[in-house]
Amino acid sequence: MQPSGHRLRDIEHHPLLTDNDNYDSASSSSSEADMADRVWFIRDGCGMVCAVMTWLLVVYADFVVTFVMLLPSKDFWYSVVNGVLFNCLAVLALSSHLRTMLTDPGAVPKGNATKEYMESLQLKPGEVIYKCPKCCCIKPERAHHCSICKRCIRKMDHHCPWVNNCVGEKNQRFFVLFTMYIALSSVHALILCGLQFISCVRGQWTECSDFSPPITVILLVFLCLEGLLFFTFTAVMFGTQIHSICNDETEIERLKSEKPTWERRLRWEGMKSVFGGPPSLLWMNPFVGFRFRRLQMRTRKGGPEFSV
């Protein structure tokens with residue numbers, strides 16, 4: 001029974017941290033104060049490989065579209081319009097990917113389940129709060145612990161290795177934009193591939209590309225396969241994300257069939273809460289709110305990690 005009159009619910013019955021435990025509350029307060037000035041980055045091997053592969057595949061698609069299909073074309077305006085459009089989509093997609101990967105998804109500060117912090121909450125008698133036994137933090141409503149990020153994440157939807165980060169409260173918007181722009185660029189690439197095949201067949205593969213016919217076929221076929229896979233994956237993810245936002249229910253909550261204990265924001269209210277403000281073209285802009293931050297490494301218990 002807690003002397004302050006409130007209850008701490010902990011599945012593994014871990015006690016609150018005491019003054020003798022290895023936790024520096026002062027350093028925690030300072031880390032929260034300058035959290036906005038530092039970049040979030042997860043040092044996960046699989047995630048970093050997947051993120052690099054994503055960039056390489058987008059760069060490959062841009063290379064094929066630009067140097068195999070558009071530059072050899074005799075139609076100047078066809079090349080200019082499609083080149084500008086595809087490269088704009090690629091830049092927006094990669095920018096959204098970076099924002100998703102380097103944005104704190106809503107991590108709860110580690111080890112804040114101290115007696116001092118509990119007393120500062122000014123809880124009412126009998127009020128129940130939850131503590132995560134893995135990162136020793138006071139767990140907010142709708143937060144879940146990620147075993148890869150090793151943190152509790154507010155409104156955690158899922159951990160995506162392709163962006164090397166969790167999708168949560170603060171970066172879901174950028175993840176939605178990433179899936180949308182990748183899907184659009186994939187459709188554009190598939191249309192250009194179809195037109196290029198028709199042009200090459202009609203010209204008997206003589207002047208449709210600066211590369212030899214076998215190399216051109218290989219490059220175009222691989223781009224078609226990439227476009228189909230990327231479009232299928234990102235279109236499905238985009239649809240599920242919009243559905244989750246409109247129903248104010250994360251993927252984890254849906255899979256666990258958790259009954260909502262919060263007031264749901266349905267449809268446009270949910271979209272406004274994620275994208276910010278009323279509907280506008282700013283919703284499509286991954287650069288909104290961007291400012292340069294510093295990347296800082298600190299040594300914590302359990303090994304070095306990039307601080308957030």
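## Ground rules

Residues are numbered from 1 along each chain as its sequence is written, and side-chain values use heavy atoms, with hydrogens and water left out. Because the model is predicted, local features need pLDDT of at least 70 and side-chain atom pairs count only at pLDDT 80 or more, while totals for chains, interfaces and linings use all residues.

## Aromatic pairs

Let's start with the rings. The structure holds 7 aromatic pairs; rings of Phe, Tyr and Trp (its six-membered ring) pair if their centres lie within 6.5 Å, with planes under 30 degrees apart counted as stacked, over 60 as edge-to-face and the rest as tilted. In one of them, Y60 and F222 have ring centres 5.2 Å apart and planes at 85°, so this pair is edge-to-face. Y60 sits in helix α2 (residues 45-70) and F222 in helix α6 (residues 213-247), so the contact ties together parts that are 162 residues apart in sequence. Helices here are DSSP runs (H or I, at least four residues), numbered from the N terminus.

How accessible are the two partners? Y60 counts as buried at 19% relative accessibility, whereas F222 is partly exposed, with a relative accessible area of 43%. The cut-offs are under 20% for buried, over 50% for exposed and in between for partly exposed (1.4 Å probe, protein chains only). F76 and W77 also pair: their ring centres are 5.2 Å apart and their planes at 75°, so they are edge-to-face. Both F76 and W77 are exposed. Elsewhere, F63, F67 and F211 form one aromatic cluster.

## The largest cavity

A cavity is a set of points on a 1 Å grid over the protein atoms alone where a 1.4 Å probe fits but cannot get out, and lining residues have an atom within 4 Å of a point. Grid points are joined across faces, edges and corners, and a volume is the space filled by probe spheres set on the points. There are 2 cavities of 30 Å³ or more.

The largest has a volume of about 120 Å³. Among its 15 lining residues, K155, Q172, S244, I245 and D248 are the closest to its centre. Helix α8 (268-275) gives the largest share of this lining, 3 residues. The lining divides into 2 nonpolar, 6 polar and 7 charged residues; Ala, Val, Leu, Ile, Met, Phe, Trp, Tyr, Cys and Pro count as nonpolar, Asp, Glu, Lys and Arg as charged, and the others, Gly among them, as polar.

## The second largest cavity

This cavity has a volume of about 100 Å³. Its lining includes V58, F86, I182, L223 and F230. Two or more lining residues come from each of α2, α3 (76-102), α5 (172-202) and α6. By class, the lining holds 8 nonpolar, 3 polar and 1 charged.

Key. 1 Å grid on protein atoms, 1.4 Å probe; cavity = no way out; pocket = protein on both sides within 12 Å on 5 of 7 lines; lining within 4 Å.
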